2 protein chains.
Amino acid sequence: MAPVSIEDADDPRIAEFRSIRERDLTGREGRFIAEGTVVLRMLAAAHGSGGDFLTEKILLLENRVAGLSEILEGFPADIPVYVASAAVLDQIAGFHLHRGVLALGRRRQERGASELIARLPEKALVVAAFGISNHDNIGSIFRNAAAFGADAVLLDESCCDPLYRKALRVSVGSVLSVPYTRHGTMSDILAVLMANGFAVWGLSPTGFVEIREVPASDRMVLITGTEGEGLPAEVLTRIRSARIAQAPGLDSLNAATATGIALYEIAMAQGRL
Amino acid sequence: MAPVSIEDADDPRIAEFRSIRERDLTGREGRFIAEGTVVLRMLAAAHGSGGDFLTEKILLLENRVAGLSEILEGFPADIPVYVASAAVLDQIAGFHLHRGVLALGRRRQERGASELIARLPEKALVVAAFGISNHDNIGSIFRNAAAFGADAVLLDESCCDPLYRKALRVSVGSVLSVPYTRHGTMSDILAVLMANGFAVWGLSPTGFVEIREVPASDRMVLITGTEGEGLPAEVLTRIRSARIAQAPGLDSLNAATATGIALYEIAMAQGRL
């Protein structure tokens, strides 16, 4: 479709992009805002793969259109593309949007953990995360999961929404490529994993096995908890725990880095990379 | 010293804490602002170890003093501690300072790379970083260096200042505990390292050796470059390069995570952890 010029920030056709920051904090019924070129490209790819995500509309800074033509061709032809001047765009978004690239996406109906696991191959690597309330950390879990070829991410219902604009950006769009579910409790998810033959590993400073020495099995899951507190004792008693050796007296790794190290080791052990 | 109450944001005794964010952008002649409990504790420890850092003054939210008494006892008794109400403190800082913990530190004269290396033990692990302009990335390099027991960090003169408030916070104060220098060019630093018997390793998607298989040597240095661009070709031709295996088609790791994985592997190979 030829881009449609928006002259008025109150135009109802781009209402979903208004005051984005405030809307970040409220539910959107499965809709989300994709921001920036990298995430837009992943959203186009999600269409191509017939996956879990649709695009409803796109809003661009007018001088970005030409440079994005290759990505825009990746979307179905009937998706409206709106363009605006910098002044109108900033007025719509409610802040200075220097990237000038926004899209409104929608997630199709979400699968539960059981259904997601039923679709996995016999050899599988899964990441599960419980109680992650920080959007940076959620985003980085997806980024690492994609980098090391994990098949799925399982979030419990207490995790924050990975489709939140900032989480999506930190994930470099991987939330749109790695199959995931955010549903049920920690116990529900552990029960499904164990019933499906997964070796369940978590990180803990007191873990029994150095992460580099974790034995491979066909189906493995890495559980990640919150930074600072780590995994609750009730989880650690039910799973196998690994440690990442660190300098004496320190347990200082950033949660994203710790997850990255553990996923690298497990993926290497499984011979996936 | 008994805390001194500050009633007026214009009080000259706390002038260095005024409008912190704007001052972040300007030079401070070796002075820096430490923010938050974690960084304050590291600053106290730096005093105790007779190291590279001094504290000039401390400014606290009045209701934080009691909870911090243990940390405050770690500072020399003649360092002034100022306290203020939330309203006055926010007025001083120029924004809402919910942590309520600030200190003004000063770095003693900086050593050059040669002098720093001359002080290292025979078995050593060093991190060198070139052209890192992002404060988050600089902070995370120090955090990872501390976690995996690196002996020193060498920054070239084009890196941003690790004593910048945000870098210091992201490092969880490790900038104050890991010896470092920020001086000279990339070429100067590589020359000093090679002259001192270091095996010089860098990360590259086209690296010859998987990072897990890097052979140990007594003196090793990991070179990290900028996210996105990575190390320049002129550096890669002079050093040994390792790769971190990733899912096909991706080179998606965050710079901090990549450095964390590489340091973990090298430190394990050296038997340091």
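In chain A of this predicted model, helix 6 meets helix 10 through Asn137(A), Ser140(A), Asn144(A) and Ala145(A) on the helix 6 side and Ala255(A), Ala256(A), Thr259(A), Gly260(A) and Leu263(A) on the helix 10 side. By class, this contact holds four nonpolar, five polar and no charged residues. Helix 10 of chain A also packs on helix 10 of chain B, with axes that come within 9 Å. The area buried between chain B and chain A is about 2,300 Å².

**Helix 6 and helix 10 in chain A**

- Helix 6 of chain A spans residues 135-147, and its axis lies 9 Å from that of helix 10 of chain A, at an angle of about 20 degrees.
- Because angles under 35 degrees count as roughly parallel, helix 6 of chain A is roughly parallel to helix 10 of chain A.
- The crossing of helix 6 of chain A with helix 10 of chain A is right-handed.

**Helix 6 and helix 10 in chain B**

- In chain B, helix 6 (residues 135-147) and helix 10 (residues 255-269) pack with their axes 9 Å apart and at an angle of about 20 degrees.
- This angle makes helix 6 of chain B roughly parallel to helix 10 of chain B.
- Helix 6 of chain B crosses helix 10 of chain B in a right-handed sense.
- Helix 6 of chain B contributes Asn137(B), Ser140(B), Asn144(B) and Ala145(B) to the contact, while helix 10 of chain B contributes Ala255(B), Ala256(B), Thr259(B), Gly260(B) and Leu263(B).
- The residues of this contact in chain B divide into four nonpolar, five polar and no charged.

- The crossing of helix 10 of chain A with helix 10 of chain B is right-handed.
- From chain A, the contact takes Ala256(A), Thr257(A), Gly260(A), Ile261(A), Tyr264(A) and Glu265(A).
- From chain B, the contact takes Ala256(B), Thr257(B), Gly260(B), Ile261(B), Tyr264(B) and Glu265(B).
- Six nonpolar, four polar and two charged residues make up the contact of helix 10 of chain A with helix 10 of chain B.
- Ala256(A) and Gly260(A) belong to this contact and also to the contact of helix 10 of chain A with helix 6 of chain A.
- Ala256(B) and Gly260(B) likewise take part in the contact between the chains and in the contact with helix 6 of chain B.

**Chain interface**

- Chain B and chain A each give 27 residues to the contact between them.
- Carbon and sulfur atoms give 56% of the area buried between chain B and chain A.
- Arg143(B), Arg212(B) and Tyr264(B) supply 27% of the area that chain B buries against chain A, more than any other three residues.

**Domains of chain A**

- Chain A is divided into domain 1 (4-107) and domain 2 (113-269).
- The centres of domain 1 and domain 2 of chain A, taken over C-alpha atoms, are 30 Å apart.
- The contact between the domains of chain A involves 17 residues of domain 1 and twelve residues of domain 2.
- Domain 1 and domain 2 of chain A bury about 1,400 Å² between them, with 63% of it on carbon and sulfur atoms.

Conventions: Residues are numbered from 1 along each chain as its sequence is written. Chains are lettered from A and ligands numbered from 1 in the order in which they are written. This is a predicted model: local features need pLDDT of at least 70, side-chain atom pairs count only at pLDDT 80 or more; totals for chains, interfaces and linings use all residues. Side-chain values use heavy atoms; hydrogens and water are left out. Axes are lines fitted to C-alpha atoms, for helices over the stretch in contact, and angles run from 0 to 180 degrees between N-to-C directions. Helices (H or I, at least four residues) and strands (E, at least two) are DSSP runs, numbered from the N terminus. Angles under 35 degrees count as roughly parallel, over 145 as roughly antiparallel, 65 to 115 as roughly perpendicular and the rest as oblique. A crossing is left-handed if the near helix is turned anticlockwise from the far one by less than a right angle, and right-handed if clockwise. Contact means heavy atoms within 4.5 Å. Ala, Val, Leu, Ile, Met, Phe, Trp, Tyr, Cys and Pro count as nonpolar, Asp, Glu, Lys and Arg as charged, and the others, Gly among them, as polar. Domain bounds come from an automatic or database domain assignment. Buried area is the accessible area (1.4 Å probe) that two parts lose on being put together, summed over both.
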